[in-house]
Amino acid sequence: MKLCFCVCVCACVCACLCVCVCVCACVCACLCVFCVCVCVCVQYCLSGHPTLPCNVLKFKSTTIMLDCGLDTTAALYFLPLPLVHSPRLSKLPGWVSKDGAINLEKELKECSGRVFVDSQPEFCLPEKELLDLSTIDVILISNYHCMMALPYITEHTGFTGTVYATEPTLQIGRLLMEELVAFMERVPKAHAATCWKNKEIQRLLPGPLKDAVDVWSWRKCYSMQEVNSALSKVQLVGYSQKVELFGAVQVTPLSSGYSLGSSNWIIQSHYEKVSYVSGSSLLTTHPQPMEQSSLKNSDVLILTGLTQIPTANPDGMLGEFCSNLSMTIRAGGNVLVPCYSSGVIYDLLECLYQFMDSANLGSTPFYFISPVANSSLEFSQIFAEWLCQNKQSKVYLPEPPFPHAELIQTNKLKHYPSIHGDFSSEFRQPCVVFTGHPSLRFGDVVHFMELWGKSSLNTIIFTEPDFSYLDALAPYQPLAMKCVYCPIDTRLNFHQVTKLLKDIQPLHVVCPEPYTQPPPAQPHRSDLMLELQPPPMAYRRCSVLGLPFRRRYERIHLLPELARSLVPSEIKAGVSVATVSAVLQSKDNKHVLQPVPKPAPVPPSKKRKRVMEEPPEVLNPKPLLSGAVPLEPFLAMLHKNGITEVKVEETADGHILHLQTEDVLIQLEEDATHIICDNNEPLRTALRDLVLRFLQKL
């Protein structure tokens, strides 16, 4: 039989451990240990972009990376990569400083008052110098948008751990990476621009290049070989599946409701719990709904990935999208929708499926152009178990869960890997084209901007919130086509997340610094920030936070033979205490109390020894003391024993008693008692015995 104990353990653990055991009435198979040394949990922030997070958590002897988002907004500083030669872009003048001291005509080009880098677009990577990334044990991925920097981490840092993600996250993440690589490799640049990154030169450049941060950390896109190698390190997990990490912590993915396979993560030990909430949604869209109940009772909740457009309602934006699209088509123009190859495009196609017939525009063709267009549309139909209940039920009818299957069958939606080949012969106008990339710096969208930008009949509709549409359009100015901004972001807004936090009540919330203050453009909008009690702990790029934990316990198993040797003594009703001398064995973050091994018997020797070695004497442990020394009864006891002149001084930790005649100090504190008595051992011994009368021996 094993009992449930509470054991006080010293901070340094030696081979033989003498502990006091408080025996409870319940019976179980483990030993709960109160540890003096505090459980340390540290968070490192490697990304300055709140919706493309990359954090590292050091917790219970494990090092866990939470997401590895790639900040592609750095591409906005570069010129677009046209699929065919662009006379307009090739004739842009090079940039020379006004005094002529700096000449970067080959690297920088001017367009409509802005200066752009004429080179292959580069991306801002997570910080690599803050800590040694080769020490990372595991990487937890929350959604496919937050894994785009994975090849940079796994292939160039000495990483040898495991990556955990759901199957849709892995497969769609692979598609997005393949698409990015294809966009870059099919339009290579002959030279790379590096001189402008020199700090002394950069500070003399015009804005916004002058204000670009960490430009020396920017890197070109990875290769397909690096993508395959990185994704080979991914281990698939399902919702609510518990994964043990080295016996120290357990991680569990939960549905976040944002995209196919998107996850929040629970990271917990036996007595501490960290929740990681990233890219979550409470709206009813195509993914499974967000799981909230498992987030309750968290010591720390790390919150990131809130909506980038807190003032925009997704349903209202969808209505605007359809309205502007229909007006353009009726006027004989074309509609260009720069988008990712997965995600919001599924909802846009479903919305248009219902809208176009009612608007008498059913004959308008839709074109989806991407190197991974076919795979993306197919994957969305086969991941049935990751969809909401309404779409899951269609699979069993059987019907395709998404209506774009019917659009493809009726030839209303056609998909192509690029503008070359079949598309050029089947293309007809007016039409709607969905293509990437949303930054307008690479991909097939660059060709359509050059093709349609000179006509005011055409419209470009921005639905992705990741990029400033004004910055995206800057290298295409002057532009005649109409521009409409309808950002659709289904992630949690500040009102929703405040209500969520009230429901799940974490003890502490950790979030990016921008979430703790109003937007710079709207300083009066206090509703667009997190106002919590206690205030959230804020972090920014390259910051290091020590996360607070109240509990300081560790679980230890007690062997049956050791449990049988305990002799409990009752100290008060329902509570018994026993001392135990044992060996603490720690292996793979599991702790076991074992009986102290008996010394091996000395084999008899035929040779006579001059001096027989005596076996070491095993002393019984000294009795342990418990209780407190009450002030008034102790003063009465001193008076009874002839000590009357006592001056009492109250301190922050207790009281100091000055025995004036004897020149002795007695410090009575909550967890200790000190008797300071010089050169009078009999008096010190007598005072000690008086103190011991108020304490209970175990």
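**Salt bridges, a buried arginine and a cavity**

Visitor: How far apart are the closest N and O atoms in the salt bridge of lysine 60 with glutamate 272?
Guide: In this predicted model, lysine 60 and glutamate 272 form a salt bridge. The pair links distant parts of the chain, 212 residues apart. The closest N and O atoms of lysine 60 and glutamate 272 are separated by 3.7 Å.

Visitor: Is glutamate 272 buried or exposed?
Guide: Buried means under 20% relative accessible area. Glutamate 272 has a relative accessible area of 1%, so glutamate 272 is buried.

Visitor: What separates glutamate 681 and arginine 684 in helix α17?
Guide: The side chains of these two residues, glutamate 681 and arginine 684, meet in a salt bridge at 2.6 Å, N to O. Both belong to helix α17 (residues 681-692). Because they are three residues apart there, the separation is about one helical turn.

Visitor: Which side chain of opposite charge is nearest to arginine 441?
Guide: Arginine 441 lies in the loop between β23 (432-435) and α12 (445-452). Arginine 441 is buried and has no salt bridge. A salt bridge needs the atoms within 4 Å, and the nearest side chain of opposite charge is 6.9 Å away: aspartate 471.

Visitor: Which residue's backbone oxygen does the side chain of arginine 441 reach?
Guide: Arginine 441 is in contact with several residues, including Leu76, Phe78 and Pro80. Its side chain reaches a backbone oxygen at 2.8 Å, that of phenylalanine 78.

Visitor: Which helix gives the largest share of the lining of the largest cavity?
Guide: The largest cavity has a volume of about 70 Å³. Among the residues lining it are Leu352, Tyr353 and Lys412. The largest share, four residues, comes from helix α7.

Methods
Residues are numbered from 1 along each chain as its sequence is written. This is a predicted model: local features need pLDDT of at least 70, side-chain atom pairs count only at pLDDT 80 or more; totals for chains, interfaces and linings use all residues. Side-chain values use heavy atoms; hydrogens and water are left out. Helices (H or I, at least four residues) and strands (E, at least two) are DSSP runs, numbered from the N terminus. Buried means under 20% relative accessible area, exposed over 50%, partly exposed in between (1.4 Å probe, protein chains only). Lys and Arg count as positive and Asp and Glu as negative; His and the chain ends are not counted. A polar contact is a pair of N or O atoms within 3.5 Å; within protein, one must be able to donate a hydrogen and the other to accept it, and residues adjacent in sequence count only if both atoms are side-chain atoms. Contact means heavy atoms within 4.5 Å. On a 1 Å grid over the protein atoms alone, a cavity is a set of points where a 1.4 Å probe fits but cannot get out, and a pocket is an open set with protein on both sides within 12 Å along at least five of seven lines; lining residues have an atom within 4 Å of a point. Grid points are joined across faces, edges and corners, and a volume is the space filled by probe spheres set on the points. Lists of a residue's contacts leave out its neighbours within four places in sequence.
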